[in-house]
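Let's take a walk through this structure together, one piece at a time. Keep the 3D view open and click along as you read.

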Amino acid sequence: MVTTKKKLKISVDHNLEERTIKRIEVNAEVSGKKPTGKINFAELRAGGFIKQRQKDKFTVRLKCPGGSLTLDRLKTIVAATEKFGGGQLHLSTRQSMEILHVDYHNFGPLVDMLKESGQDVASCGPRVRVPNACGGCEYNPNGITDTQKMAEVVDKKFFGLRTPHKFKVSFSGCPHDCIHGTSADLGFIGGVWPVWEETSCTGCTICASACAEGAIESHPESGKPIFKAEKCLYCDDCVRACPTNSWTAGKTGHSLRVGGHHGRHPVNSAMVARFLTDEEAEAAIGATIAWYQKAGEGKGRIRLGNLLMQEGQMESYREALADAIGPEKLVEGIERPHKITIGR
Amino acid sequence: MAEVVADKFIDIASEVCPMSFVLTKLALDELEDGQVLELVCQGGDPVRNISIQLKDEGHMIVSVKKEPDGNFRLKVRKSG
Ligand code: SF4
Ligand code: SF4
Ligand code: SF4
């Protein structure tokens with residue numbers, strides 16, 4: 001039994017609830033055992049502590065936005081695991097480091113120790129989760145967008161906000177979509193609109209050979225490209241392979257997919273916008289969260305994709321999105337998230 | 001346009017990444033700045049990757065010829 005010195009007032013508004021509790025440091029006295037430190041219940045409520053099968057033991061999930069970790073933080077994690085964990089770390093499926101076998105009496109000192117190196121605990125439950133990202137343009141050869149920077153932006157501005165259900169944002173640097181934007185609530189995918197300039201082109205046909213989508217054919221005589229825009233996936237390969245820089249990036253930015261998730265009833269996300277700047281991507285995230293909080297009110301734990309499949313909701317969401325990033329960025333034609341059929 | 005004379009030649013048409021890249025880099029290592037490497041590689045993925053990697057590293061592809069068998073013959077001027 002846990003007795004607390006102060007009675008906590010629980011308000012109905014979850015966002016407010018978390019903010020209120022965050023300011024109250026609670027001294028936990030655990031019957032029969034000596035507390036090893038203060039337990040801040042706000043830390044627990046934000047999630048990231050997952051009960052294991054073993055008695056008293058928890059997995060503590062650590063925040064690593066975009067899967068990145070400084071050596072300082074890593075060293076602290078190792079030291080904290082030696083002290084409070086079971087000598088083993090686990091990499092979560094969404095790029096977080098997890099300390100296993102932590103006795104809940106040690107939550108306080110563990111969190112304090114991690115905090116000293118700037119390492120925070122992640123979240124779980126119905127809120128904005130730690131963003132995922134691939135290496136993007138920072139070091140991945142295919143990367144078009146700065147996915148690591150965007151993961152930091154989401155972490156700073158939106159992490160932990162309450163939403164009707166879990167809310168996962170991912171950033172892939174190019175249409176390979178290694179971070180699975182198709183199964184994220186919001187999936188950003190880097191892309192380039194290629195533009196060709198004739199005079200500098202030597203007709204070498206490298207671009208046609210480089211394009212894996214068959215979007216570029218070579219003129220039978222001149223060897224110069226014939227562009228089939230409808231097949232283009234915006235991958236940038238022609239731009240990067242052309243020896244004379246005849247192909248250049250007309251537009252660069254994030255495509256936005258919305259409403260995907262995995263789980264028991266997986267849903268494939270729908271493409272809603274293209275070539276967003278970093279600032280527009282940020283605005284789109286804010287607008288999506290606000291819309292989701294409002295449209296999902298009173299509907300229980302409902303994932304964004306399931307909400308968007310309901311009648312009229314995609315239309316309403318697109319309006320909110322157009323307000324935030326401008327209607328010209330939206331793709332034409334309404335696509336909706338759709339269930340992926342899996343065997344039982 | 002006068003034909004660029006190559007200082008070294010490699011055939012990497014039977015190689016795939018990362019060997020194709022490593023062999024190209026090793027061949028370039030043997031050349032001075034401004035000298036030209038001639039190489040033959042397959043079309044599709046190989047020619048895409050080699051072109052992109054060479055450009056990324058600042059070298060200049062000065063001539064490209066598609067061979068009847070679908071392979072590409074590139075001449076690359078070393079830079080840096
Ligand atoms: S999505 Fe593109 S940039 Fe990101 S890891 Fe995959 S290939 Fe690289
Ligand atoms: S951007 Fe990619 S898909 Fe589009 S034409 Fe260029 S190589 Fe093909
Ligand atoms: S790769 Fe560049 S130079 Fe060669 S055909 Fe294509 S556009 Fe022209």
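**Where the two chains meet**

Let's start at the contact between the chains: 13 residues of chain A are in contact with 13 residues of chain B. Keep in mind that you are looking at a predicted model. Putting chain A and chain B together buries about 1000 Å², and carbon and sulfur atoms give 57% of that area. Which residues of chain A lose the most area to chain B? They are A:Ile206, A:Ser209 and A:Arg240, and together they make up 46% of what that side buries.

What about charges? Between chain A and chain B the count is two salt bridges. One to look up is between the side chains of A:Asp237 and B:Arg48, at 3.5 Å from N to O. There are also eight residue pairs in polar contact between chain A and chain B, with both residues at pLDDT 80 or more.

Now look at which parts of chain A do the touching. Helix 6 (206-210) and helix 7 (237-241) of chain A each supply at least two residues of the side that touches chain B. Helix 7 of chain A gives the largest share, with four residues. Sorted by class, that side of chain A has eight nonpolar, three polar and two charged residues.

How many salt bridges does the rule find across the interface of domain 1 and domain 2 of chain A? The rule finds one. A:Asp155 and A:Lys63 form a salt bridge, with their closest N and O atoms 3.0 Å apart. Six residue pairs are in polar contact across the interface of domain 1 and domain 2 of chain A, both residues being at pLDDT 80 or more.

Time for the ligands. Around ligand 1 sit A:Cys134, A:Asn140, A:Asn142, A:Gly143, A:Ser172, A:Gly173, A:Cys174, A:His176, A:Asp177 and A:Cys178. Ligand 2 has 13 residues around it, and the closest are A:Cys211, A:Cys232, A:Leu233, A:Cys235 and A:Cys238. Ligand 3 is surrounded by 14 residues, the closest being A:Cys201, A:Cys204, A:Cys207, A:Cys242 and A:Thr244.

Here is how each shell divides by class:

| Shell | Nonpolar | Polar | Charged |
|---|---|---|---|
| Ligand 1 | three residues | six residues | one residue |
| Ligand 3 | eight residues | six residues | no residues |

**A stop at A:Arg61**

Finally, zoom in on a single residue. A:Arg61 lies in strand 4 of chain A, which covers residues 57-62. A:Arg61 and A:Glu98 are 37 residues apart along the chain, yet their C-alpha atoms are separated by 4.4 Å. The side chains of A:Arg61 and A:Glu98 are joined by a polar contact of 2.9 Å.

What else does A:Arg61 touch, leaving out residues up to four places away in sequence? The list includes A:Gly48, A:Ile50, A:Ser96, A:Met97, A:Val121, A:Ala122, A:Cys124 and A:Arg129. A:Ser123 is on that list too, and its backbone oxygen lies 3.5 Å from a polar atom of the A:Arg61 side chain.

Definitions and conventions:
Residues numbered from 1 in each chain as written. Chains lettered and ligands numbered in written order. Predicted model: local features only at pLDDT ≥ 70, side-chain atom pairs only at ≥ 80, totals over all residues. Heavy atoms only, no water. Near = heavy atom within 4 Å. Nonpolar A, V, L, I, M, F, W, Y, C, P; charged D, E, K, R; others polar. Salt bridge = Lys/Arg side-chain N within 4 Å of Asp/Glu carboxyl O. Polar contact = N/O pair within 3.5 Å; in protein donor to acceptor, adjacent residues only side chain to side chain. Contact = heavy atoms within 4.5 Å. Buried area = accessible area lost by both parts, 1.4 Å probe.
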